[in-house]
Each structure stands twice: as C-alpha cells, then as structure tokens.
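Keep the 3D view open as you go.

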Amino acid sequence: MSASRFKVKALAWAPYIEPVDVATATEEQLAAMQVTPSNTKVSPYVRTLAHDPESYVARTKLFNAIMYAKGGLDRAERELGALVASAVNRCVYCASVHARRYAELSDRSDVVEEIYTRGLDGPFDPKIQAIVDFCRTLSQTPAQVGRDQVQALRDHGLSKAEIVDLIHSAAIFGWANRLMHTLGHSTPVEGR
C-alpha cells in the first residue's frame, strides 16, 4: 500500500462545437449515446462525438473492449498505460482521468505523484519502471520499442497477451488524446 495520498484535480472538457442536444437528437444519435465509455454517463464529449453516431459507436466499443475487458492485463496497469500515453501526448484531461483511476485501482498514488512532480523518468519500482518505459517509447516513437523493453515486461511477469493489452491501452490513447485535443480543451471544474 502506498503512503502517498497525492491527489490529481478533476478537470472538465469544453468542446469547440456545440454538442448534440439530447432533447433534439436523432434516434440514431440517441441509440449511439447508449454506448458510453465506462458505461457511466452521457458527457459533453459523448454528445460531441454523437454528431457522427456510427463512428462514435465503433470508437466506443473498441475503447471499452480495450480498457474494460475481463481477463488479461490488470485494469490498473491498463490505466497506467493510458496515463503514460496521455502524459507523453500532453493531454492533461485524459492524464487527470487515468491518473485518478490508476491511483484508485492500484492504491499507488505515489506513482502518480512521481509522474506529476518529476515526470516519466521516475524512479519507480522495477515493474512500474518497465511499464512506464515501454509505454513512453511506444507513445513517442513506436518503432524504437526494443526487445529489451519487451523482455523487461516479461521479467516482471507480464505474459505475451498482457503485453498486447498494454500496447492496446497506450495505442488507443495515442489516438484518443489527439481526438480530444482537436474537438475541445480541458477546463477547471466549476466551483472548485
């Protein structure tokens, strides 16, 4: 258990275009909005993506399959992959969401604190360092991921299937971060 109780502030996200109004949405848009990331709420982001319901549903089913699939890589480690990719891509909104989820799932707010205060160089414990190094390289220049980084993950107990799950987590955030950047921007949560 971590001794650190480092907290990351929640952020809001503001779109550059008016999100779909649920009251005037088409049947296709309403049906699409039933498929939400994490199956929780219809956020402004969901309503913005619902302008193209077919693309939104395809994106969200893929996202949910990668981040919430049963079995394979531990959910917290998927969140760490998303956090590292978001840190590399400087998506502060996604980084804050996945930092909080990682800390909650792993009880490792010390890792989040280290990333927020010192960056991705660590030091982290060896397994975390292997995951951070792998996802950082994958997010910066995928072709530079080497056998030594894959072997470091294997040495810390990750199976080939779990490494593929980690690749998927970092990869979808390479895309998701840029989608959020082009559709809007993060803002402080009102009232905080």
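This is a predicted model: local features need pLDDT of at least 70, side-chain atom pairs count only at pLDDT 80 or more; totals for chains, interfaces and linings use all residues.

**Helix α4 from end to end**

- From its first C-alpha to its last, α4 reaches 20 Å, close to the 20 Å expected for its 14 residues at 1.5 Å a residue.
- The N-terminal end of α4 has a cap, Asp74, which places a side-chain oxygen 3.0 Å from the backbone nitrogen of Ala76.
- Ala76 is itself one of the buried residues of α4, and so are Glu77, Arg78, Glu79, Leu80, Gly81, Ala82, Leu83, Val84, Ala85 and Ser86.
- What hides these residues? The cover includes α3 (53–67), α5, α6, α7 (126–140) and α9 (160–183).
- After α4 comes Arg90, with a positive phi near 55 degrees.

- Start with His98, which you'll find in helix α5.
- Is His98 buried or exposed? His98 counts as buried because its relative accessible area is 4%, and the cut-off for buried is under 20%.
- Not counting residues up to four places away in sequence, His98 touches Glu79, Ala82, Leu83 and Phe173. Glu79, Ala82 and Leu83 are among the buried residues of α4.
- Next is Ala170, over in helix α9. Ala170 is buried too, at 3% relative accessibility.
- Which residues does Ala170 contact, leaving aside its neighbours within four places in sequence? They are Gly81, Ala85, Cys135, Leu138 and Ser139, and Gly81 and Ala85 are on the list of buried α4 residues.
- Ala170 and Cys135 are 35 residues apart along the chain, yet 6.0 Å separates their C-alpha atoms.

**The second largest pocket**

- A general point first: rolling a probe the size of a water molecule over the atoms shows where empty space is left.
- The second largest pocket has a volume of about 230 Å³. Of its 15 lining residues, Ala87, Val92, Ala95, Ile115 and Tyr116 are the closest to its centre.
- Sorted by class, the lining has 10 nonpolar residues, 3 polar ones and 2 charged ones.

- Arg90 sits in the loop between α4 and α5. Arg90 has a positive phi of about 55 degrees although it isn't a glycine, and it is exposed, with a relative accessible area of 69%.
- Asp107 is in the loop between α5 and α6. Asp107 isn't a glycine either, but has a positive phi of about 60 degrees. With a relative accessible area of 22%, Asp107 is partly exposed.
- Look for Pro123 in the loop between α6 and α7. The peptide bond joining Gly122 and Pro123 is cis, with omega at about 20 degrees.

Key
Residues are numbered from 1 along each chain as its sequence is written. Side-chain values use heavy atoms; hydrogens and water are left out. On a 1 Å grid over the protein atoms alone, a cavity is a set of points where a 1.4 Å probe fits but cannot get out, and a pocket is an open set with protein on both sides within 12 Å along at least five of seven lines; lining residues have an atom within 4 Å of a point. Grid points are joined across faces, edges and corners, and a volume is the space filled by probe spheres set on the points. Ala, Val, Leu, Ile, Met, Phe, Trp, Tyr, Cys and Pro count as nonpolar, Asp, Glu, Lys and Arg as charged, and the others, Gly among them, as polar. Helices (H or I, at least four residues) and strands (E, at least two) are DSSP runs, numbered from the N terminus. The expected span of a helix is 1.5 Å times one less than its number of residues. Buried means under 20% relative accessible area, exposed over 50%, partly exposed in between (1.4 Å probe, protein chains only). Contact means heavy atoms within 4.5 Å. A polar contact is a pair of N or O atoms within 3.5 Å; within protein, one must be able to donate a hydrogen and the other to accept it, and residues adjacent in sequence count only if both atoms are side-chain atoms.
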